[in-house]
Amino acid sequence: MHTDTERCVRAVQSKDARFDGWFFTAVLTTRIYCRPSCPVVPPKVRNMAFYPSAAACQQAGFRACKRCRPDTSPGSPEWNTRADSVARAMRLIRDGVVDREGVSGLAARLGYSARQIERQLLAELGAGPLALARAQRAQTARLLVETTALPMAQVAFAAGFSSIRTFNETVREVFGQAPGELRTRAARGPRAPAAPGVIALRLPYRTPLNPSNLFGHLAATAVPGVEEWRDGAYRRTLALPYGHGVVALAPESDHIACRLSLTDLRDLTRAISGCRRLLDLDADPVAVDAHLRTDPLLAPLVEAGPGRRVPRTVDEAEFAVRAVLGQQVSTAAARTHAARLVTAHGVPVDDPEGGLTHLFPTPEALTGLDPEALALPRTRRTTLTTLLAALAEGRLRLGADADRDEARAALSALPGFGPWTVESIAMRALGDPDAFLPTDLGIRRAAERLGLPATPAALTARAAAWRPWRAYAVQYLWTVDDHPVNHLPA
């Protein structure tokens, strides 16, 4: 979008928050960059320049605005909706892969050379992988500086910097203040109270956001010991690269309140990325709803509760296992099967607030389980054990680096994987915004009540008009049926 100067100017002059994260405005006279909704008086048009990423602004010599804090704007929705190599690279960078594995590790995951990845990112984003990772490290450092009392040396290494000197120089360059000045400035403003060892932060999103189906779905399908709904927040354990964590997520009017307890602060970037993906916070609900409203049968559902998101996952392999356990059984039965696996094979963790007891077991931990011990039909045992072997051996990839078409093909080749299971995993684990479930019981009931075609083939043909947002159409169709997934828990 940053190449459409006229459209960008209109967004800046109207302070339109819908475009936050889509592009950034650099002011040539002051050498700062802002989000489109910055509250200050817009600069003259001749003094504006537009960039596709914060990293590109920083690389061009601009520092972040202290008023609108552009580094904290929602991410571009493109990286979740697109499936090309640039989008997959951005998802991996957001997960901290460059900090952990370097540019060569990023390229290896994508099947390209480091030079090819560098060229593609520079062409589209105006910054290479190192610059993009540096911008993310700066944002993580700012979060730790402003929300914790950690010594600056610990903040530097937790954020991914190789030295304290680099940390200090980067923070000064990006934010125009020393780390100590950032902490002093933050201490003067309102701060959410947090228990010792807990990081409290706000996760921004584009409005509107309808929390009913989002948190309702997560709470209704929660696996005991791994997830729970308590005191108006969804809580769960997190398996992370350097350790584990516990997160609590609560919907607020203009943000998601997030409380993180981590065993290793180097996991902060990965934890935030996972939470944003889980709640689909980088979506563009205005664009999605505007498209779905063009269908006269969907329009009333959209008007009744706009801003529905697709509840996703923090662990793609976990969701694939749970999708198999949920085949042809009720939500309660699927939770029971998953809870048994967790109790028998999950890693125990300490929850400071109680209630959560385990991490969900990894495919590697489950490959040795005795199929006869599973209270499942024999065919589904075979489906589960085959899936676990494919995940553990790396023959099936479902993470941020996965190619969606290849993953769909690999899933379809496994025994017992029909369209419902494949598309459920595509929607919730792979993050495909166009995944569709024509054989789902809730969708079939909605189709009958709304007068949509009854057969899966006919319904799929009818749903072609909803592309590329059929996964969001599924969320609206599910509201036709009175099910706990549609309601925010009391």
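Predicted model: local features only at pLDDT ≥ 70, side-chain atom pairs only at ≥ 80, totals over all residues.
1. Arginine 69 sits in the loop between strand E4 (63-64) and H3, while glutamate 146 belongs to helix H7 (residues 129-147), so the pair ties together parts that are 77 residues apart in sequence.

2. Side chains of opposite charge can pair when their charged atoms come close. In this protein, the count comes to 41 salt bridges, and the next points walk through some of them.

3. Helix H7 takes part in another pairing. The side chains of glutamate 173 and arginine 134 meet in a salt bridge, with 3.0 Å from N to O. Glutamate 173 lies in helix H9 and arginine 134 in helix H7, so this contact ties together parts that are 39 residues apart in sequence. How accessible are glutamate 173 and arginine 134? Glutamate 173 has 44% relative accessibility and so counts as partly exposed; arginine 134, at 21%, also counts as partly exposed.

4. Arginine 312 and aspartate 280 meet through their side chains in a salt bridge of 2.8 Å, N to O. The arginine is in the loop between helix H14 (299-304) and helix H15 (316-325), and the aspartate is in the loop between helix H12 (268-279) and helix H13 (285-292), so the pair ties together parts that are 32 residues apart in sequence. Are these residues buried or exposed? Arginine 312 counts as buried because its relative accessibility is 4%, and aspartate 280 counts as buried because its value is 1%.

5. Salt bridges can also be found in a group here. Glu228, Arg230, Arg235, Arg259, Asp351 and Glu353 are linked in a network of them.

6. Arginine 91 is buried yet has no salt bridge: aspartate 84, the nearest side chain of opposite charge, is 7.1 Å away. What lies 3.0 Å from a polar atom of the arginine 91 side chain? The backbone oxygen of arginine 82 does. Leaving out residues up to four places away in sequence, arginine 91 touches Trp79, Asn80, Arg82, Ala83, Ala400 and Arg404.

7. Arginine 172 gives you another setting to compare. It lies in helix H9 (residues 164-175) and counts as exposed because its relative accessibility is 51%. Not counting residues up to four places away in sequence, arginine 172 touches Gln177 and Ala178. Its C-alpha atom is separated by 42 Å from that of alanine 471, a residue 299 places away along the chain.

8. Finally, a word on confidence. The protein averages a pLDDT of 93, and 98% of the residues score at least 70. Where is confidence lowest, and where is it highest? Helix H3 (residues 78-81) has the lowest confidence, with a mean of 83, and strand E11 (residues 358-359) has the highest, at 98.

Key:
Residues numbered from 1 in each chain as written. Heavy atoms only, no water. Buried < 20%, exposed > 50% of the residue type's maximum accessible area, 1.4 Å probe, protein only. Lys, Arg positive; Asp, Glu negative; His and termini not counted. Salt bridge = Lys/Arg side-chain N within 4 Å of Asp/Glu carboxyl O. Polar contact = N/O pair within 3.5 Å; in protein donor to acceptor, adjacent residues only side chain to side chain. Contact = heavy atoms within 4.5 Å. Helix = DSSP H or I, 4+ residues; strand = E, 2+ residues; numbered from the N terminus. pLDDT = per-residue confidence, 0-100.
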